[in-house]
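Me: Please take a close look at the salt bridges of this structure, and at the helix that takes part in them. I would like one connected account with the cut-offs stated.

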Amino acid sequence: MDRQFLTRTGLSSYDAATWVIISTGSVLLLSAVLLYRVIRIPSNFPKNIPAVPIYLSLMGLWSDMGQDEIYDRWLREPLEKYGAVKIWFAGRWNILMTRPEYLSDMLKREDVFAKAGSQKKIPWSVMASLVGDNIINSHGEDWKLYTSVMKPGMQKTNFDSQPILEKTRRFIDLLLREQNAVGRSSGVLVNPIIQRFTIAAMGESFLDIDFEVSKLLYQKTAADQRATDSG
């Protein structure tokens, strides 16, 4: 301990050491309390279903195991037995359900089981920026707004499948053309093509909007061109 500090404060070496120990212990205790409050399972969660250890939720970050492997090894058995488990996700405890009757009850009681997507649970995350607010994770008036746009197309009584068939033929033709262009020794980056195909098919089939499918399916983006050039 610095002698000048002891002189200014009037503390002996013993008192100073005691003060450091108490301060360090207090910080550690406070940190432990805060950590416990963050990771403890809420008291209002069901007691009759198991909890998945937190480290399993983080395993995908520090191991090369895929989510399917983690599910098969640690989640499948308790989910099949109990129908639901408590699991740590997005910085909080959640209940993961697979039993149909549980899911049916949850969907019927929207006033109790309000949906909250990544934009509300983890608004600072990349996932929240990517998906934003949408029909899947919205609730209340926002959900009613989205469904008012989607329902007329989804509930068509006279559904014409011909546009989807035509777009599917163009989609397959494009995949074959791209594969022929790079040869058999290389692969094709399919994600951008699938995304444009989906937008085109959904737009005309469910929203009665033509997003100029030919341009969407055949136009190369800058990312597509760079991927082709680098290949």
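Reply: Across the whole structure, a search finds five salt bridges, a salt bridge being a side-chain nitrogen of Lys or Arg within 4 Å of a carboxyl oxygen of Asp or Glu. The model is predicted, so that local features need pLDDT of at least 70 and side-chain atom pairs count only at pLDDT 80 or more, while totals for chains, interfaces and linings use all residues. Residues are numbered from 1 along each chain as its sequence is written, and side-chain values use heavy atoms, with hydrogens and water left out.

One of the five salt bridges joins the side chains of Lys-167 and Glu-204, whose closest N and O atoms are 2.5 Å apart. Lys-167 is buried, at 3% relative accessible area, whereas Glu-204 is partly exposed at 28%, where buried means under 20% relative accessible area, exposed over 50%, and partly exposed in between (1.4 Å probe, protein chains only).

Salt bridges that share partners also join Asp-72, Arg-76 and Glu-80 into one network. Within this network, the side chains of Arg-76 and Glu-80 meet at 3.6 Å, N to O, and both residues lie in helix H4 (residues 67–82), four residues apart, which is about one turn of the helix. Arg-76 is partly exposed, with 34% relative accessibility, while Glu-80 is exposed at 55%.

A further salt bridge pairs Arg-109 with Asp-105, at 3.3 Å from N to O; here Arg-109 is partly exposed at 38%, and Asp-105 is likewise partly exposed at 33%.

Leaving aside residues up to four places away in sequence, Leu-79 touches Tyr-71, Ala-84, Val-85, Leu-96 and Thr-98, contact meaning heavy atoms within 4.5 Å.

Terms used: Helix = DSSP H or I, 4+ residues; strand = E, 2+ residues; numbered from the N terminus.
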